[in-house]
Amino acid sequence: MRRYLSDAGALARKDLLLELRARDTLPAMLLFVVAVLVVFHFALPTNASSDASLGLLWVAILFTALLGLGRAFVPEREQRTMDGLVLAPCDRSAIWLAKSLATLAFLVTAEIVALPLYALFFHRVGGATVAAVLLADLGICGVGTFLGAMAVATRARDLLMPLLFLPLALPIVVGAVGASVVASPGRYLGFLALYDLLFAVVCWASFEYVVAE
């Protein structure tokens, strides 16, 4: 287990260092989420309910995450190092865990900017919304990284990734929006936690077969 976590940590650090040097993914995510919230601020009527604005917040988060997920395997694709990464002497599921953690770091950073901006433009962000964001992030990054590994080997990867990801992200949106708008969010937060656990096990167990094909 210690070796496994060490391998995943080394791979995640590699992705984070590449991003710090290239500055490709994170600036794009930050610019996108700020631009979307600004557009929503001027497009939404002034008398719109908090439920409507929360729904738009989750649209912004979901598509910001999709932007980051679409670039998760770009360095390996551009430098033609995917085969070398797969052949590295480590468990292949550690690649999935490392990519998920790196993408999670980018997404959380974007949300650190997005949530205060949302509170400034629309309504105060409650504790249930923050909890829903954290649980949703885990599911988004885990499932999205898995699908990104499937799509990267195809010619239509830029088209295939959203088509695969968005249907599987619908339960996340339902649970997250539900937790944000109801008075007792425990049921929805539990649903998000169950989704995260279920898909984490599925992605971890089957990632080796995905990258081997």
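**Burial and contacts in a predicted model**

Biologist: This is a predicted model. Why is F32 called partly exposed?

Modeller: F32 has a relative accessibility of 30%. Buried requires under 20% and exposed requires over 50%, with partly exposed in between. The value for F32 lies in between, and therefore F32 counts as partly exposed.

Biologist: Where is F32 placed, and which residues does F32 touch beyond four places in sequence?

Modeller: F32 belongs to helix α2, residues 25–43. Its contacts beyond four places in sequence are A60, F63, T64 and L67. F32 and A60 are 28 residues apart in sequence, and their C-alpha atoms are 8.5 Å apart in space.

Biologist: Why is D137 described as buried?

Modeller: The relative accessible area of D137 is 0%. The cut-off for buried is under 20%, so D137 is buried.

Biologist: In which helix is D137 found, and what is D137 in contact with?

Modeller: D137 is found in helix α7, residues 127–151. Leaving aside neighbours within four places in sequence, D137 contacts L104, L107, V108 and E111.

Biologist: Which residues touch the most other members of the largest nonpolar core?

Modeller: I140, F165 and F207 do, in a core of 58 residues. Helices that each supply at least two residues of this core include α1 (2–22), α3 (50–69) and α8 (157–181). Helix α6 gives the most, with 11 residues.

Biologist: What does F165 touch, setting aside residues up to four places away in sequence?

Modeller: F165 touches L62, L66, L69, I140, G144 and L147.

How values were computed
Residues are numbered from 1 along each chain as its sequence is written. This is a predicted model: local features need pLDDT of at least 70, side-chain atom pairs count only at pLDDT 80 or more; totals for chains, interfaces and linings use all residues. Side-chain values use heavy atoms; hydrogens and water are left out. Buried means under 20% relative accessible area, exposed over 50%, partly exposed in between (1.4 Å probe, protein chains only). Contact means heavy atoms within 4.5 Å. A nonpolar core is a set of buried Ala, Val, Leu, Ile, Met, Phe, Trp, Tyr and Cys residues joined through side-chain atoms within 4.5 Å.
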